[in-house]
2 protein chains.
Amino acid sequence: MSKREGARNLQSKLRPIINYSLTDQVETKLLELFKKEDLRNGDAIPKENELCEAMGVSRTVIREALTRLKTIGLIESKKNKGMILTEPDLLIGLDKLLQPKILSEETLQDMFEMRLVLEMGIAELLFARIKPADIADLKAILKTEKDYPALFEMDFEARFHGRIYEIARNNTLVRFQSMLLPIFKYVHDKGLKLKDEELPKNYVTHALIVKAIETGNAEKYRDAMKRHLKIHFDKTIKMRKLLE
Amino acid sequence: MSKREGARNLQSKLRPIINYSLTDQVETKLLELFKKEDLRNGDAIPKENELCEAMGVSRTVIREALTRLKTIGLIESKKNKGMILTEPDLLIGLDKLLQPKILSEETLQDMFEMRLVLEMGIAELLFARIKPADIADLKAILKTEKDYPALFEMDFEARFHGRIYEIARNNTLVRFQSMLLPIFKYVHDKGLKLKDEELPKNYVTHALIVKAIETGNAEKYRDAMKRHLKIHFDKTIKMRKLLE
DNA sequence: ATTATGTATTATGTATTACATATTATATTT
DNA sequence: AAATATAATATGTAATACATAATACATAAT
């Protein structure tokens, strides 16, 4: 039995000690408190000094735990008023993290695919909620793209596809996809570049997608969208095989 | 013009002063530093005291800014070693936020729909990556569900649908959907309860979905899934109309 | 010479105290 | 009664000191 194996064997008998810091404990206690007291959105929470006394720790620790909760958007503090529970923004912090340099290849690929999944999956909600005025809007957007040459022009993509989610009336998705797009572009650009002549012959433009929306149904929309995104699908499938 | 309107009018001319706290500024500066220095995953960042001196603020402020970055998973600190940049977990903090009580009806609905969208949109990736062994796995899961009576049995749903995402080989989605499911269940349960006899006649079970996967293609899968999720689609469309 | 143990150093974690500052409520002035 | 000054309050910031865990280095034992 090697030294390392010996250590592991010992570990299985003793189990390593996990040392939760005071801040960790306070954070947990605070979350428990909110739950126990059934505090809602907008309700005030105890003052820092009250928390110090109640938990028997320094204000430093209390404040660090509170800072964490503020960071995830669970509470808000006003200079004299104290602190209140807030409706947290699920996408908070995401904008700071969704940057190519700090994410692994793996995660970037995951996000790339997530956008593809969303574009395809939105169809049902889109058709359930679309109104005539929305189609007019989409057509207006098309006009501004008249000489739409490039395969992936950020601004165009953001506006057009963003509008799709707006029509589907899901605000979280609207915001999420707008955060996703820069990542998508990055992964796209980094991947194997296609020469112009390699562009798929039957490339589906936004205009064709609008047509599918106007005259078709969920399946037709998806068929158009799938072809619009074809090279991206091809690319991610190729990439994922390389990562394996 | 009311007093309030007057104030608003004045505001449009003057624009309120936004007062970034020291911590805010330090946080921004830190992020800039990481970018400027092109720091990567695992790289060490300056010591707290060095940062204090460099920026001319107290360690209190530095530490509060650092706590924020730790909270979103951007850096990690070791007791004597100092701090390093880490690959942030995009889903960090989400588990603390994805709780019915602290989210608005609107956001809950958004999340409910997001799951529906993902289940439908995953089809392409699923079929691009599925292997024979995966189908066997799915069938094994079916066996454990043999007397699958309920419309939405958390554990079954989590295992079956989770496996779908695993097959699609997107780890972030796997984890995301597992966090999403409790929310989904909550929204589902809260909504109008269906009596047994109201259950759709042609309710599609997991078994039928597996069949669609085994013998079909993306469209067939989606058709099955759409019918499997039909009452949920119906419900969310009804709900959203109520919210308008 | 090698291994185990003791020691010093280092950087983060926690505690304490003090003061600054913005907001609210109260008191005062006109 | 309305405008203004004042006090009280709770968070934001600063400074200092010490605790503690991890590492490197020195030392002693075999």
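## Chains A and B: interface and aromatic pairs

Together, chain A and chain B bury about 5,000 Å², with 62% of that area on carbon and sulfur atoms. Please keep in mind that this is a predicted model. The contact draws on 56 residues from chain A and 56 residues from chain B.

**Polar and charged links across the interface**

- Twelve salt bridges are found by the rule between chain A and chain B.
- A salt bridge joins the side chains of B:Arg63 and A:Glu64, at 3.3 Å from N to O.

**What chain A brings to the contact**

- Several helices of chain A each supply at least two residues of the side that touches chain B, among them helix 2 (22-36), helix 4 (59-71), helix 10 (171-190) and helix 13 (230-243).
- Helix 6 of chain A gives the largest share of that side, nine residues.
- By type, the residues on the side of chain A that touches chain B are 23 nonpolar, twelve polar and 21 charged.

**Aromatic pairs**

- Over all chains, the structure holds four aromatic pairs.
- A:Phe112 and A:Phe184 are stacked, 4.2 Å centre to centre with 0° between the planes.
- A:Phe112 is buried at 1% relative accessibility, and A:Phe184 is buried at 0%.
- A:Phe127 and A:Tyr221 pair edge-to-face, 6.3 Å centre to centre with 75° between the planes.
- Because A:Phe127 lies in helix 7 of chain A and A:Tyr221 in helix 12 of chain A, their pair ties together parts 94 residues apart in sequence.
- A:Phe127 is partly exposed, at 22% relative accessible area, whereas A:Tyr221 counts as buried at 0%.

How values were computed. Residues are numbered from 1 along each chain as its sequence is written. Chains are lettered from A and ligands numbered from 1 in the order in which they are written. This is a predicted model: local features need pLDDT of at least 70, side-chain atom pairs count only at pLDDT 80 or more; totals for chains, interfaces and linings use all residues. Side-chain values use heavy atoms; hydrogens and water are left out. Contact means heavy atoms within 4.5 Å. Buried area is the accessible area (1.4 Å probe) that two parts lose on being put together, summed over both. A salt bridge is a side-chain nitrogen of Lys or Arg within 4 Å of a carboxyl oxygen of Asp or Glu. Helices (H or I, at least four residues) and strands (E, at least two) are DSSP runs, numbered from the N terminus. Ala, Val, Leu, Ile, Met, Phe, Trp, Tyr, Cys and Pro count as nonpolar, Asp, Glu, Lys and Arg as charged, and the others, Gly among them, as polar. Rings of Phe, Tyr and Trp (its six-membered ring) pair if their centres lie within 6.5 Å; planes under 30 degrees apart count as stacked, over 60 as edge-to-face and the rest as tilted. Buried means under 20% relative accessible area, exposed over 50%, partly exposed in between (1.4 Å probe, protein chains only).
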